[in-house]
Amino acid sequence: MEADWAEKARITVAGPSLGGAPASSITAFAFDTGQELLWTGDGDGRVTSFYGLELQRYTSWRAHTSSAARGVPGNTPVRQLLFCEKGVISLSTRGVHCSSRRGLTQWNVELPDMLDLRCMCFTGKLPSAREIVVAGCQRQMYRIDVEKGCVVETLTPDTMVPYTMMRRATNYVCAAAHDGSIHLLDPNTLSDVQRWQAYAGTVNDMDTRGDHLLTCGWTQQQYNGIRLERLVRVYDLKHLRPAAPISFAQGAAYVRMHPKLSSTCIVLSEHGAINSIDVLNQDAPVMRYANTFDAQLTGLQLMPSGKGFAMSDTHCQMVVWGSQAKLQYTEYSRPTEFPDPVLQTKQLSWTVDLPFNLIGMPYYREALLSGWPNSLVHEVGAPPPRIEQAFLATLRKTDCGMVGPHQRKTRRYEVEDTRASQRVHDALATPRFLSEKPRGENGTRRPERGLSEDIGKILNSLSLNGGSKGDVLAYYRPVEIKYSKFGVDDFDFRYFNKTRYSGLETHIVNSYANPLLQLFRFTNVIRNLALRHTAKDCRSESCLLCELGFLIDMLEKAGGQNCQATNLLKALSKQPGAAALAVLEDHTMSTPLTIMVQNLNRFMLGKLEDCFRKVTYNLNELQAALGTKGSAFSRCTHCGYEDAKEQLWYSHDLMYPSKQPKHSPRAMRYAFTRLLQDSVHRYDQQRGYCNRCQGYKAITSRRVVHAMPAVLMINSAIHTPEARQLWATPGFLPREVGIINANSQFYCYEGQDLQLHLQRRTHAITVYELVGMVADVAAGEAQKPHMVAIIDTGISDPDVSRTGDWHLVNDFLVRPIAQEEALMFDPRWKLPTVLAYQMKQRSHDVDDSWKSTIDTSILHRSVAQPAFDPTYQFMTLSEADLPGPQTHCAIDAEFVRLLREEIDIGADGSRTITRPARSGLARVSVLRGDSPHASVPFVDDYIAVEEPVDDYLTQYSGLHAGDLTAGVSQYTLVPLKEVYKKLWVLLNLGCKFIGHGLTSDFRTINIHVPEDQVIDTQDLFSLGHRSQRKLSLRFLAWLLLQEDIQRSAVAGHDSIEDARTAYKLWRKYLEYEAEDMLEDVIDDIWRKGRPLDFKVPLEDPNDGGRTPRASAPGTPSRTPATVVKTPGRLAVVDFGSPLK
C-alpha cells in the first residue's frame, strides 16, 4: 500500500425492493480476474457487475431464486463468486450457478440434498483448473465440472465438518469450519491432511498465498465474551507449523494477501483501520484509516493487479481505494463487450405530399463506397519497400530505434514499385522435372541444361552490395524437393548444384544435421580419422564413426551428385542418450535449431571416442586430433579446499563479456581471440558441494590447458542481444588464430599481433585456420530458422595452391561465394552456430592410404542360407580369390516398404507428394562374375529390420511377415551395417557391379558407385531415341535368353535369380557387341516388344502351359540354361516391380 492510496470511488449497491421488503445487503463481492469488472452478490440471489473506476453499472441478473414469501428477506444469498473462462460462478445456499459475463446462463446445479452450502474453490491450479469443490454446513461435498456444468462426484465423509470458507493453496485446499478449526485437504481426494483448532469462535476471514495461511476470527475474552482477536494468525504450509502472528490492536476482521508481493498482507478492522504488513518483517507496517460514516465494514477484496482494493459495509456501499494514477483492476485485462448503441430512426409522416428524396431508400448505416472522398482511395496490399540487410547492419541503436544515413536509390519524386521488386526477390523457382525436359537424338537428356531466362537473370544479379537488384537471401532459404509420379529420381538436383561438391537431401528425419556433417567432411583431420577407422574391422552395429566414414567416402565419390545421410541418421537415432540431449527431431518440440546443432556437435564428438575405443584401446590418435587435454581445478572459497582432475574437452562454448553499464564512459571492443582465450582457459564461480565443508558453498573453477588438438570445435553459444550485436562487427571472425600454450598460460592472437609473434618466434605458436561454420539463417520474416554450412573447400583439396575457395552448402544447393560474404554476419538473419578451426599445417593433408589397408575379413565371414532347395548353391570367398579392380560381381537387392508416402490433396483435387515412401534393405545377393565359379553367390544376406514394416512387397521381394524378424525368421539374419560394409569393401577394391536397375538399388542402399564400376543391363539394352521406356529384366530374359523368370507373385522375385539373369544378359551383350550386331538386336527388341507392350505374354492354354520361345534376333534358337532358384516359389503372373 503506497503513500498516495486513498478513497477513489463509493457507490451504493441496493437491490430492488419487492413487496416492501428492505434493500438486500451485499453478501459477496470480488474483482474479475480477466476484465475491468467488480462483481457483487446480494441477499436476494442477484449478481451485479460494475465497469471501470467509475463503477458504471454493467450487467445484473437473478442467479438464484428465493423460496421465501413476498415481503420478507430472501433465503438464497450469494455466498461466494468465482471466475472461469465461461463466466461467473456464484454460490448460494441451495445451488451453484454459472452465467456469462453478459448474463446468459451457462449452467445451474441444484440438488435436493443441497441444503446449506457456504463455500467453494478450485481444486486445480489456475488458469487450467476445470473442477470446483463445493461444501457447507452439511454432510455432502460435491465436485463440479465447470466446463460441463455437472456434478462429477458426491463425497460423504464419515464425520460431518461444517465448512464455511475455502481457499486454494499451492498443495492443499485450506478450509475453515464453523467451530473455529482449520483443515488442510488433499486437492485430489479431499481427505484431511492436517487439522487444528484455531479459535474458540468461528473463523471470520482467511486467505493464502505461497506457503503462508493467514486467518482472523473470534476468540474468548476474559470479561468481554467472544470478540475479534487482535492477532492475525500465520501458518507455515511448507513445514506445517504456526509462524509468528501479526499484531493488530483494533481487532482483525478481514485479511488478504497481496497478489504481487508474496509476503505482504492487508488487514482491515470493522471500523476502518487498515494496515499493510510484511509477514516476514512486521517492524514497519503502513497504516491508513477509512471513513466508514458510522457503518461497519463487512468485507475486503484486493484487485488482481495489486494496485487497489474494495470494501463493503452495512450501508450497502462499495468503497474503492487505490492510487488515481495507477489504479486498474487487472494487469492484462481483456476488452469488455458492450451492447451496440440503439440508433434513433427518423420518424416520417407518410402523406401524399411527402417528397421521395426525404425517404432515403434504401437506408444504410454506413457511408457507401461510392461516397468516399478521393483522399481515402489508395492502393492497398502493396508490400513495403525492401531494406537491404547490408544497410541494416550499418545502423546504430538509440532509444527511439535504429538510426543511420538514408541510402536513397530513386529520385525524390519517384515511387518504388514494390510489387515488381517482390516478384524479383522471390525465392528460387522449382525447376522442371527431368521427365519434362527435352532429350537429345540418342534418347538421353541433354547434358547442358540452362536455367530459365528469368531465373537466370535473378541468380546472376545476386550480390552483397546494397545496389544489387537481386536478393542474396534466395540462396540461403530452405530448399525443398518436389516429387513427380516417378519419385525423387525425377527431381533435377543439378539445377541447384553446378559444383563438384555433393549436397545432402532433406526428406529424411534429423536432416537438420546436414550442415554439421558437411563441416566434418571438409575437416581433413576428421575425414582422415573416420576413413582410417572405417577401413578396419569394426563390428559395432551402430558405430557413428564408421557411418561418418561411409558418408564422407560417398560424398567424395559422388563428385557433385546429391547424396543422403540415411544410414548415419538412423544410427544416430539408436544411440543411447540421444533423445535426452534433444538431438532428435521426433523427441523434441520446442528446442531451437541452434541449440540442437550445438548439442549434436558435443554429442557426436563424444560418441566418436566411444566408437574409436571399440577397435583400438589406444585413444591417443583421436584425443590428439579432437580433444583439448587439461586439468579442471575447483576451489571452495569458504575453506580453501581445492580439487583437481584431468579432463578432455572435445568442444568449447564461447563466453561473452558481461553487459556494460548503461552510462559507461567508453565502449570496450572485444576481439574474437579474447573470447576464445576466456572460453578455453575459463574461470567461473558457482555454488557447488564441498567435500570438506560437507555442504553447498561458493566454488571457483578454472582450467589449465596442457595440449591443444589438431581441430578446434567451437559452439558460438549466442544467447543475448549484446552477443548477437558483437558478431555484426565487420571482420570480427578471423581467418587465422595463433595459440601459445606454455607454463600453464594460454594466449590467443589474430591479425597483426599474430604476424608479429610469427616474426619474433619467441614462443612456440600454433596457427589454426578457419575451415568453416554452421550458420543459423532466418532468410525472411515468413521463413523458419534454417541451418547452412559455409566452408572453405580449398583447405581439404590436395592442391596446396588452392585456398580461400568458399562455398555455401544449403542442403543440396551448393554454390561458390566470396570470402566477404562468407565471413559477414548480421544479427537479423545470419549468425554462426558451430565453428571449426584446424591446424594450418594439417591443411591439404588428404590421406588415402586407407584404401590399401582395407580389412577384407568381413567378405570371408559370409554364410550360406538354409538350403530349402537342393539346387541352392553358395561358396564363401577364400583368401586366394580376393576381388580386385578387374573383378566382376553380379548384384541384386530386395526391399520392403517401411513407411508409406505422404500425399497432400489440394482444394482442386490435385495430389502432391510431400514425402516419398521410405524403403528398407531386406536382402542382398552378390554373385561371382568371372570364371571359374561364375554366377555362384558369395554373399546372400537377409537384413534384420528393427523398424515396423508397412508392406513386405511379397510379389517383388519374395519376403513374408517374420522373414526379417530376429528369433522368428527361418533365414540367417545380419545387421544392416555388416551388409553395407561388404558392399563398401567391394566398391573400394575396385569391383565392377553387374545388375539391372542398379541406380534405384544403390540409392535405396545409400551407397554411391562411380559410373565406371557399374554395368547396368537396363542401360545396355536401352531403346535410345526410339522410346524412353525402361525394359524390365523379365522381358529381356524372355526375349534374349528364352528364360521365364519372376513368374510367381506369391513367391516373389529371387535376388540370386535376378542377379544371375543380369549376368547372362551382360555376357549376351558382349557377344552382340563383338559380332557388331547390337543395333540390329535393339531394333528387333523394339519391333517385337511394341505389340506386347514390352511385357511377357500370358501363357497359351493350347501350348501345354509353356511360354512361347522365339529365337533371339540374329542368333539361332537355343535351349535355356538351368536356373538355380531359392525354394518355395509358386508360378503366378507378375506385372513388374515398382522399385526397378
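**Exercise 1. Strand S41 and its partners**

How many bridges join strand S39 to S41, and do they run parallel or antiparallel? While you're at it, work out how well covered S41 is and find its pairings with S45 and S42.

*Solution.* Keep in mind that you're looking at a predicted model.

Step 1: Start with S39, residues 736-742. Four bridges join this strand to S41, and the two run antiparallel. To find your place, look for Gly738, which stands opposite Val767 in S41.

Step 2: Move on to S45, residues 830-839. This strand and S41 pair over nine bridges, in the antiparallel sense. Here Val774 has Val834 in S45 as its bridge partner.

Step 3: Now take S42, residues 786-792. S41 and S42 pair over six bridges, again antiparallel.

**Exercise 2. How two helices meet**

Find the angle at which H5 and H6 pack, decide whether they are roughly parallel or roughly perpendicular, and sort the contact residues by class.

*Solution.* 

Step 1: Locate the helices: H5 covers residues 524-534 and H6 covers residues 544-558. They pack at about 110°, with axes 8 Å apart.

Step 2: Angles of 65 to 115 degrees count as roughly perpendicular, and H5 and H6 therefore fall into that class. H5 passes H6 in a left-handed crossing.

Step 3: See who touches whom. H5 brings Ile526, Arg527, Ala530, Leu531, His533 and Thr534 to the contact. From H6, the residues include Leu545, Leu548, Phe550, Ile552 and Glu556.

Step 4: Sort by class. The contact of H5 with H6 has eight nonpolar, three polar and three charged residues.

**Exercise 3. A four-strand sheet**

Give the strand order of the open sheet that contains S14 to S17, and say which strands stand at its edges.

*Solution.* 

Step 1: Trace the order, S14-S15-S16-S17, with antiparallel pairing.

Step 2: Pick out the edges. S14 (163-168) and S17 (192-197) each have a single partner strand, so one side of each has no neighbour in the sheet.

Step 3: Ignoring direction, neighbouring strands here are turned by 20° against each other on average.

Step 4: Zoom in on S15 (residues 173-177) and S16 (residues 181-185), which are joined by four bridges and run antiparallel. Ala176 has Ile182 in S16 as its bridge partner.

Technical notes:
Residues are numbered from 1 along each chain as its sequence is written. This is a predicted model: local features need pLDDT of at least 70, side-chain atom pairs count only at pLDDT 80 or more; totals for chains, interfaces and linings use all residues. Side-chain values use heavy atoms; hydrogens and water are left out. Axes are lines fitted to C-alpha atoms, for helices over the stretch in contact, and angles run from 0 to 180 degrees between N-to-C directions. Angles under 35 degrees count as roughly parallel, over 145 as roughly antiparallel, 65 to 115 as roughly perpendicular and the rest as oblique. A crossing is left-handed if the near helix is turned anticlockwise from the far one by less than a right angle, and right-handed if clockwise. Contact means heavy atoms within 4.5 Å. Ala, Val, Leu, Ile, Met, Phe, Trp, Tyr, Cys and Pro count as nonpolar, Asp, Glu, Lys and Arg as charged, and the others, Gly among them, as polar. Buried means under 20% relative accessible area, exposed over 50%, partly exposed in between (1.4 Å probe, protein chains only). Two strands pair if DSSP finds at least two bridges between them.
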